[in-house]
Each structure stands twice: as structure tokens, then as C-alpha cells.
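Q: I am new to this structure and would like a close look at a single part of it. Please keep the account plain and connected.

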2 protein chains.
Amino acid sequence: MPEFRKDPLSSEWVIFAPERRRRPQDFKVSRETAATESPFIYGNEHMTPPEVYACRLDGSAPNKPGWKVRVVPNRYPALRVEGDLNKDAWGLYDHINGVGAHEVIIETPDASLPLEAQPVGDIVHVLEAFKARVVDLSRDSRLRYIQLFKNHGPLAGASLQHAHSQLIGTPVLPSRIKNKLECCRLYYTQKERNIFEDIIQQEKRTRDRVVYENNSFFVFCPYASRMPFEMAILPKRQSPDFHSCDIHEFSQLADALKASLLRLNYSLDNPCYNLILHTAPLRWSKKNLSNMVSEDFRWHIEILPRLTAHAGFEFGTGSFINPILPEEAAKHMRNVRLP
Amino acid sequence: MPEFRKDPLSSEWVIFAPERRRRPQDFKVSRETAATESPFIYGNEHMTPPEVYACRLDGSAPNKPGWKVRVVPNRYPALRVEGDLNKDAWGLYDHINGVGAHEVIIETPDASLPLEAQPVGDIVHVLEAFKARVVDLSRDSRLRYIQLFKNHGPLAGASLQHAHSQLIGTPVLPSRIKNKLECCRLYYTQKERNIFEDIIQQEKRTRDRVVYENNSFFVFCPYASRMPFEMAILPKRQSPDFHSCDIHEFSQLADALKASLLRLNYSLDNPCYNLILHTAPLRWSKKNLSNMVSEDFRWHIEILPRLTAHAGFEFGTGSFINPILPEEAAKHMRNVRLP
């Protein structure tokens, strides 16, 4: 059974996932992705747990070929759907059962097609799958947060090349999310303005960190980018919840995602990256000053290219060292000529 | 000129270091360390900036062969020693000049000798170099924190194989340090007991996470280890300051370091790791409730083997997923038969 343990020196929760365990002598790490046949192609549906969602425009049967996007529980889950939380103390240590969700969103049946190479209409199907899973999981009263993310390439932690994203739903609010919500709330309390809107307005004045924008989304390299060529995608409409997006916004978001990731690929020769979707916690508003979060926090996406190592200084301090200014990275990506 | 920029969404400082910049097209990352001749061997002293400290038992001249440990400014520094802080605002963004220290501690003139393969007496010379640099830099009133760390192996961010550590002195207190100090203080305020002492006492009762101990130091796999085979080295004597150690304690610490790192090597076939030394901030006590820190915080060392990837979930949430329980890792390392 997986479990959460709280570090008494940082108050951060760590997930222990024995299902992902290999024996100690197996820890001879390889940084190459496996070259075996993908378990995510048509005909290999039996190689994953049964699907919890699929986009099937042809009316094909569940767990059979014919899907465009397919969501399945992770075969080596970090957390388990079944069970009670059983919050507990062991002396000075805090402990919770590893209850939660861990799912894989298979973005295409084509093992060699990256997300950004898909037509905008197909990327929309992926975004609809994200939304459907968030809406479904938000009914589970044990969950407090859903982290949607994508690991692309071995240096970003991907063990399979086949394009996929993941979500992990947790019964605790992770420290970084809590800190971000508190920063946004403090800003709103002081200024009575939304910090994301203020950032967009300031970035629009100089435009030297802007990478791309369309009617609904604004893409830029953040002022304090932790990593070279880091990008943020902000919606222009205020909403704390990713799942509030309609089909028109998803079409604009698919366009912005495609434009951003293609620029990254052409600038840096297809780098490894992590994509992180930050949306408001589940049941956050009930517990914390009611509807305030709907004004102070805005859902958004971070794209973190993995070009520099996360080393002793970063782990020790939580601070990052970035050798490239975001103005330089943005200029480079704005000037990319897409084929 | 390097600079600090504060992320308005997290309040975390990021260091921008153009001296470490390569051109965008150079970002084709290799994960292998360079195979060229080490700049840190005898006769190559001219390849580094002039030394700021050296252990020379033979009375040899500065920047010449004969040293046992040598400390030099980093040739590609993240921060610069010269200049004023010039704290400033650009619209809603905060900015500080990149003033600070970035030094390399060369642990041996032997390019192929890892730290833990050195005799205890030689490791003591390395620890004395750490102490001498912390004491010297603490006189610089612009600095608030000194992070000592060691990156071993390419997956841990090391660009050279030759055994070395680094220190970075910063004019801001990094977020993770601040959070840790606050956790320790909160515990002390609630219980009137030191959290590190309580952890040692609890670990001694079960001993299932203990790896090694000697008269002055206690080595164990923390209850909420973020990474497989993570270890912490705690001094048994209460002190917030690493540089309060005397020669006898350094000899015990060298023994504990050697025992821990050798066990890690033999368990996991010489894995990449980060070693992080947490000591109290400079001038922390003056600014924050005077001498309280001397009771509530204790300096300590973290050893983080780099066996699992830091991926989208970890960057998004700040939480870690660990497939190995610390009880299992500690048992494995206790049972190692050192040759």
C-alpha cells in the first residue's frame, strides 16, 4: 500500500510507492527510454489497465482500437484509488495512507507522433480528456488536488517515448501549490487586482518576454524563469479552474500549445521538457474564505525545458541558477521560422 | 553582471548568471562528464582563478603544487563578489544585483580519487577548508546565507569528475532554508525541545532507519526521505553552526562521511549524488528573536542519491515520489560488507 509521510523539517509530504519499487540492486539507472514496442498502440489495449475515458469518434468498443485519446490508470501507480486516508502519527512523524489517483492520458495511438505535431483539432481531444478526468475525479471527496503534467524525453523523467500525459490526484495540498495560492491571495489582498492580469499587462508594455499570443491565451518567458527557455501560458479570461474552459477556448489553447512547443523544438533541437498544468485545488474555496480564490488565482500552464541540471544548490536552497535571461530566450523563440 | 529576480507567484529568488551562459544553439545537452585533463591537478594551478585558501602542509607557495586541499573562485561564477546589492523594482517585479560568492573546494590533487576513498585525516582537511571559508565569508555583511554542496557524477550536475565541492554565498535567505528554520522554530516553540534531538531519540528506539553512528554523529535514512537511499548526518551535540566544530568533531564527521558514502557506493555501484550542508544563516540570530536559533536549529548534512528523475509532478507540486522505504534502504546499507 502506498503512503504519504510528512518531513518534520519541511512539512512537505513525500509519497512512498512500493508498486513502483524495484529491488535495490536494480538501481543502475539508464537515461535512455526503452526501445521496446509501445504498450499504447492499437491492438495493445490489453497491456494497460481498463480505460477510464476514451475519445472514440467511430463508436468503437471500450479497450479496443479506434480511439483518438485514451485514459487508463497507471500500471505502476504512485497512489491507489481504494481505501481510507487513516491519518495517523508515529511518534513525531505524520502519516496518511496513499489514497489517490494516478492516470495516464495517451495522447495519440501513433507511437512516433509528439503532441505538438498533431493537428489542433486532435490536441483539443487531449484537452477534453484532461477536463473530463478532472471533472470526474473532483467528485471524490477524499481528493484535494489534481496535478496534470507531461514528461517529454528521458531527462524529463519519461520512461516511454509514446506521447502521453499523467495526472496524480492527492488527498493533501502540496506545499508548492499552497505557497502559490498564498502569494496570489496576498497580492490580491494588498492591491485588489489579480496578479496574473497585472503580469500580462506589464509584459504587454515591453513585449520583450512575449513568445506568442492569440485571442484567448498569452505565452511568455517569465521574468524569473527558473530554467532556460521556460514558458508560461496564461488564459486571458480570469478563471481559477482549467475545467471551466469551453470548446472554443480549448481550440485556442491547442493553438497556443502547438505554437509554443514547436518554437521550443526548433530553437533547441527537440529538448526534453516538463509541462505542468496548475489549476485551483478541489474544495479549496469552501475551506478558505469562500469565493475569493475565483478572483485571486488563475489556472495556467508552465513549460520547463530540461537543459540544466537540478543539483546540490537547487536541492539545498530551493533556488535555481539560470544562465539565460528570459528576454534572450523569448527573442530567440519569437524569431523561429516554423516550416 | 549576474542578478537575482523574484518570482512574483512563489516569492522565490532565481539567480541569472550570464557568466555561465552558452549560446542557445549550444544547448544540446550531454550527460557525460568531459574526458579532458583535469584543471585541478598539480601543475594546472594557472587554469583556475588564484586560490583564496589552501591546505599546504609542506609550506609550498600559493598557486603552486604541494597543496592537499585548495579553494578557488568558480571560473564561471553564478554570483560576483564585487558591487552593491541595489535592491530595485521593475513594475511588479523585484530585482537585486547578483552579488555573492561562488567558490570551488578542490578536495584532492588526485583526479581519480573520490572523497570517500581518502583517509579520514585527509577528509578532515576538506572539512577544515569548508570551515575556513564560511568563517571568512561571514565577515561580508552583504551575505545572508552560505550553501555548501557537492555534486558527484553527471546526473547530479557535476561537470568535472575530479573530486570537488562548491559554496555559494547569497545576499538573500533562500526559501527552502527559511521554511526549514521556521519548522524547527515552530516545533521548539510548541514543545520546548529541539526537533533534531527528538528525531535522534525516536530513531534510536526502533533503529530500523539507522545506517551508522559514532561518538559525535548519527547517520540514518530520514522517515520521509525524498529519494531512495537518502541519508542525513546529524551531529549529536547541539549547535546551529557547522563552523563551531572542533578538530575532534571533524575527525568524527570525516569517519561518518566516509562510512556513509562507502555504504552508498557498495549498495548502488557508485551512484551520482548531491551532498548538502545546512548550517544556520549568517546574521540570522540578530534579525530573528536573538539567540533562539541556537536552541531550535541544528546544522546537518543531507546526502541525496540521484536514482529517480525529478519530473513534472515534482516540479509542479514540490512533492516527491519515492519507490523505496527508508527502512529498506537503511537495512541494505547497514548490511553492506565494506572491504
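How many bridges join strand 10 of chain A to strand 11 of chain A, and do the two run parallel or antiparallel? Please describe the surroundings of strand 11 of chain A as well.

A: This is a predicted model, with ipTM 0.93 and pTM 0.94. Chain A has a mean pLDDT of 91, and 93% of its residues reach 70 or more. Residues 23-33 of chain A, in contrast, stay under 50.

Strand 10 (residues 210-213) of chain A is joined to strand 11 of chain A by three bridges, and the two run antiparallel. Together they form a hairpin, with three residues between the strands. One of the pairings links Val210(A) to its bridge partner Phe220(A) in strand 11 of chain A.

Strand 11 of chain A also pairs with strand 12 (residues 231-235) of chain A, in the antiparallel sense and over four bridges. Here Phe220(A) stands opposite Ala232(A).

In general, nonpolar side chains tend to be buried together in soluble globular proteins.

Val219(A) deserves a separate word. Beyond four places in sequence, Val219(A) touches Val211(A), Tyr212(A) and Glu213(A), and also Met231(A), Ile233(A), Ala256(A) and Ser260(A). The largest nonpolar core has 191 residues, and Val219(A) is among those with the most contacts inside it, along with Ile233(A), Val219(B) and Ile233(B).

Conventions: Residues numbered from 1 in each chain as written. Chains lettered and ligands numbered in written order. Predicted model: local features only at pLDDT ≥ 70, side-chain atom pairs only at ≥ 80, totals over all residues. pLDDT = per-residue confidence, 0-100. Contact = placed C-beta atoms within 7 Å. Pairing = 2+ DSSP bridges. Core = buried A, V, L, I, M, F, W, Y, C linked by C-beta atoms within 7 Å. Buried ≥ 20, exposed ≤ 12 C-beta atoms within 10 Å, placed from the backbone.
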